[in-house]
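Hi everyone, thanks for coming.

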Amino acid sequence: MEQLAAIEEIKRLFAQRLRVMDTKQWHLYAGLHTDDVVSETFRLDGDDYRDIPPAKRPGAVVGNDVLAATIRDFLDGDRFVMSAHHGHNPEITLTSDTTATGIWAMEDRLWWTDGDVEQHLHGWGHYHEEYRRVGDRWLISYRNLTRLRVDHTPGFYAYRR
């Protein structure tokens, strides 16, 4: 029963992170992650860095406050980007009483307006995550997004320049 309860808590944590991100409740975002969280979500190259510790890999974002600021700047910085993220079919494995891994199929949609032109992105892939129990809560301690496909308008990334 304890293992099932842990898995359900991790599922709720994942869903809450997506909701908090899409509704731009930035004051809650950092608190869903461990202080030392590592996110490789922003690495766009396809190189293999498995021989380097995750926190040292190119493009890694380390720390819950830094990650929250990075996500906020990406979705709610100089340009407002509306987003809708969906996570499906979780594969959660408890690796100890205080650690777990998860793989989630994902789909995301992002939109922003460039004058009169709507730019958009539609992506599919997987979140690869690790979780750690801190006190009485499960938190996200690692995340990497791998994409299978991305469709976007030609000017979608222009706002990042």
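**Hairpins, a helix and a core**

Let's start with a hairpin: β3 and β4 form one, with 4 residues between them. Before going on, please keep in mind that this is a predicted model.

Look at how those two strands are held side by side. β3 covers residues 82-94 and β4 covers residues 99-114; they run antiparallel, and 11 bridges join them.

Now follow the chain onward. How many residues lie between β4 and β5? There are 2, and these strands form a hairpin as well. In that turn, G115 has a positive phi of about 65°. β5 spans residues 117-134, and its antiparallel pairing with β4 extends over 16 bridges. Here, a pair to look for is D108 with its bridge partner in β5, G123.

Let's step back to the whole chain. It has 3 helices and 6 strands, and from the N terminus the order is α-α-β-β-α-β-β-β-β. The contacts tell us something about the fold too: of those between residues at least 6 apart in sequence, 62% join residues at least 24 apart.

Next, α1. This helix has 21 residues, and from first C-alpha to last it reaches 30 Å, close to the 30 Å expected at 1.5 Å a residue. Just after α1 comes K24, with a positive phi of about 60°.

Which residues of α1 are buried? They are A6, I10, L13, F14, R17, L18, V20 and M21. As you look at their spacing, here is a handy general point: an α-helix has 3.6 residues a turn, so residues three or four places apart point the same way.

That brings us to the inside of the protein. Of the 161 residues in the chain, 39% are buried. The largest nonpolar core contains 33 residues, and Y29, L75 and Y131 have the most contacts inside it. At least two residues each come from α1, α2 (26-29), α3 (64-76), β4, β5 and β6 (137-152). Which element gives the most to this core? It is α1, with 7 residues. As a general rule, nonpolar side chains in soluble globular proteins tend to be buried together.

How values were computed:
Residues numbered from 1 in each chain as written. Predicted model: local features only at pLDDT ≥ 70, side-chain atom pairs only at ≥ 80, totals over all residues. Heavy atoms only, no water. Pairing = 2+ DSSP bridges. Core = buried A, V, L, I, M, F, W, Y, C linked by side-chain atoms within 4.5 Å. Buried < 20%, exposed > 50% of the residue type's maximum accessible area, 1.4 Å probe, protein only. Contact = heavy atoms within 4.5 Å. Expected span 1.5 Å × (residues − 1).
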